[in-house]
Amino acid sequence: MDFDKAFTEQLDRLKADGNYRVFADLERVLGTFPRVKNHGPGPDEVTVWCSNDYLGMGQHPDVVGAMVEVTETCGTGAGGTRNISGTAHHHVALERELADLHGKEDALLFSSGYVSNWAALSTLGSRLPGAVIFSDALNHASMIEGMRHSRAERVIWKHNDPEDLDRALSLYGPDVPKIVAFESVYSMDGDIAPMREIVEVAEKHGAMTYLDEVHAVGMYGPRGGGVAEREGLMDRITLIEGTLGKAYGCFGGYVTGSRALCDFIRSFASGFIFTTAIPPAVAAAAATAVRHLKTSQIERMRQQRQVARLREGLDRMGIPHLPNPSHIIPVMIGDPVKCRMIADVLMLDHGIYVQPINYPTVPKGTERLRFTPGPCHSDADIDQLVMALNSLWKQCALARQVA
């Protein structure tokens with residue numbers, strides 16, 4: 001078989017459909033974010049509008065300083081997997097910070113948010129005899145892969161629909177171990193789960209709750225504990241999963257819960273047992289970011305102000321975007337080729353970098369540009385973006401949103 005030919009044929013189909021992904025060659029420069037150096041086509045400097053470093057903590061001097069200091073004192077790598085030689089005091093300290101953040105007895109670090117979801121759900125589903133996992137229809141790919149790998153029975157309930165979840169759970173008796181898996185903030189539409197109603201339904205049926213807060217930790221709640229903290233529900237949720245790679249500006253994922261739950265996952269999850277630990281310097285930087293956002297409201301308040309300003313600007317120009325209560329602003333295009341073209345023009349002509357979001361990340365026909373304003377974006381940055389989009393809407397004769 002000509003393997004390269006087979007690869008090329010499928011890649012060509014991807015390109016023809018407008019879903020081939022092109023990565024920008026960018027270089028973050030400390031102190032200038034969201035402006036970055038561009039090593040590809042277009043201006044030498046561009047403004048990033050699609051970063052998941054939502055609060056700019058990857059540039060915070062205390063976070064950077066912690067990483068530099070621990071690198072100089074401990075070196076670079078962790079030295080191995082946690083269970084052999086890779087557990088460092090900085091890992092333990094970070095897990096304590098995370099357990100405290102979510103009001104849980106314990107926490108467990110992973111190499112990424114994807115791995116923490118995959119490992120935790122696959123372990124729970126496979127090690128709890130007869131378990132059934134009830135999954136929100138729009139759960140992230142990492143959660144879906146974890147459920148698949150567990151080989152547990154999986155029931156899909158309608159997105160953010162507690163009544164449908166109630167109906168699904170009612171079909172299983174009280175002796176069946178039930179896991180309700182859902183997210184707080186859904187990253188593509190930016191909608192937020194009706195968490196209290198979901199928790200009440202799960203409690204009614206004796207189900208454990210598995211909550212993915214990756215797009216909410218650091219962003220919501222008085223200490224950045226996420227939507228569950230904001231709604232006063234952390235103590236009623238069995239497992240809270242999060243990431244250190246978004247609002248905390250670092251790298252890694254984690255789960256929090258009871259001491260027994262975290263020990264169970266630590267002892268049986270292959271995604272934890274056989275993976276090299278994150279570097280101690282990364283753990284120290286993440287712990288610094290978590291501690292900072294437990295007390296500082298400045299970043300969240302500034303970020304929320306800039307989100308509101310961008311929404312107002314888009315509304316003023318009739319640029320269609322999904323209404324939602326979160327920090328994520330999806331500007332809807334509905335065509336993969338146009339979505340890629342608009343993103344290219346924004347980059348080349350305006351120095352604005354935003355990645356097109358196409359299938360399979362979102363369903364076909366719902367292609368979009370996903371903007372994430374942060375506290376480091378200036379009012380002038382927002383005005384420039386709105387005017388650039390307005391110009392492109394005229395050039396492409398795209399439909400406008402009527403107020």
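Mentor: Before we begin, helices here are DSSP runs of H or I with at least four residues, strands are runs of E with at least two, and both are numbered from the N terminus. Keep in mind throughout that this is a predicted model.

Trainee: Okay, where does R340 sit, then?
Mentor: R340 belongs to helix α14, which covers residues 336-350.

Trainee: And is R340 buried or exposed?
Mentor: R340 has a relative accessible area of 19%, and because anything under 20% is classed as buried, it falls in that class.

Trainee: Which residues does R340 touch?
Mentor: Once residues up to four places away in sequence are set aside, R340 touches V22, Q355 and P356.

Trainee: Switching to the helix packing, at what angle do α13 and α15 pack?
Mentor: Helix α13, residues 298-317, and helix α15, residues 379-396, pack at an angle of about 25 degrees, and their axes are 10 Å apart. The two helices are therefore roughly parallel to each other, and their crossing is right-handed.

Trainee: Which residues meet there?
Mentor: From α13 the residues are R305, Q306, R309, L310, G313, L314 and M317, and they meet D379, I382, D383, L385, V386, M387, L389 and N390 of α15. By type, the residues of this contact divide into eight nonpolar, three polar and four charged.

Trainee: What about α4 and α12, how do their axes cross?
Mentor: The axes of helix α4, residues 89-101, and α12 cross at roughly 25 degrees and come within 8 Å. That angle makes α4 roughly parallel to α12, while the handedness of the crossing is left-handed.

Trainee: And which residues meet in that one?
Mentor: On the α4 side you find H90, H91, L94, E97, L98, D100 and L101, which meet P280, A283, A284, A286, A287, V290, R291 and K294 of α12. The residues of this contact divide into nine nonpolar, two polar and four charged.

Trainee: Let's go inside now: which residues touch the most other members in the largest nonpolar core?
Mentor: That core has 55 residues, and the ones touching the most other members are L98, F134, V180, F182, M195 and L244. Helix α12, residues 280-295, supplies the largest share of this core, with eight residues.

Trainee: What does F134 touch?
Mentor: Not counting residues up to four places away in sequence, F134 touches V155, W157, L165, A168, L169, Y172, K178, I179, V180 and A181.

Trainee: Now the glycines. Where is G271, and is it buried or exposed?
Mentor: G271 is part of helix α11, residues 270-273, and it is buried, with a relative accessible area of 8%. The C-alpha atoms of G271 and S116 are separated by 7.6 Å, although the two residues are 155 residues apart along the chain. Leaving aside neighbours within four places in sequence, G271 is in contact with F110, V115, W118 and A119.

Trainee: And where is G365 found?
Mentor: G365 is in the loop between β13, at 356-357, and β14, at 368-371, where it is partly exposed, with a relative accessible area of 48%. The C-alpha atoms of G365 and G334 are 4.6 Å apart in space, while the residues are 31 residues apart in sequence.

Conventions:
Residues numbered from 1 in each chain as written. Predicted model: local features only at pLDDT ≥ 70, side-chain atom pairs only at ≥ 80, totals over all residues. Heavy atoms only, no water. Axes fitted to C-alpha atoms, helices over the stretch in contact; angles between N-to-C directions. Parallel < 35°, antiparallel > 145°, perpendicular 65-115°, else oblique. Left-handed = near helix turned anticlockwise from the far one by under 90°. Contact = heavy atoms within 4.5 Å. Nonpolar A, V, L, I, M, F, W, Y, C, P; charged D, E, K, R; others polar. Buried < 20%, exposed > 50% of the residue type's maximum accessible area, 1.4 Å probe, protein only. Core = buried A, V, L, I, M, F, W, Y, C linked by side-chain atoms within 4.5 Å.
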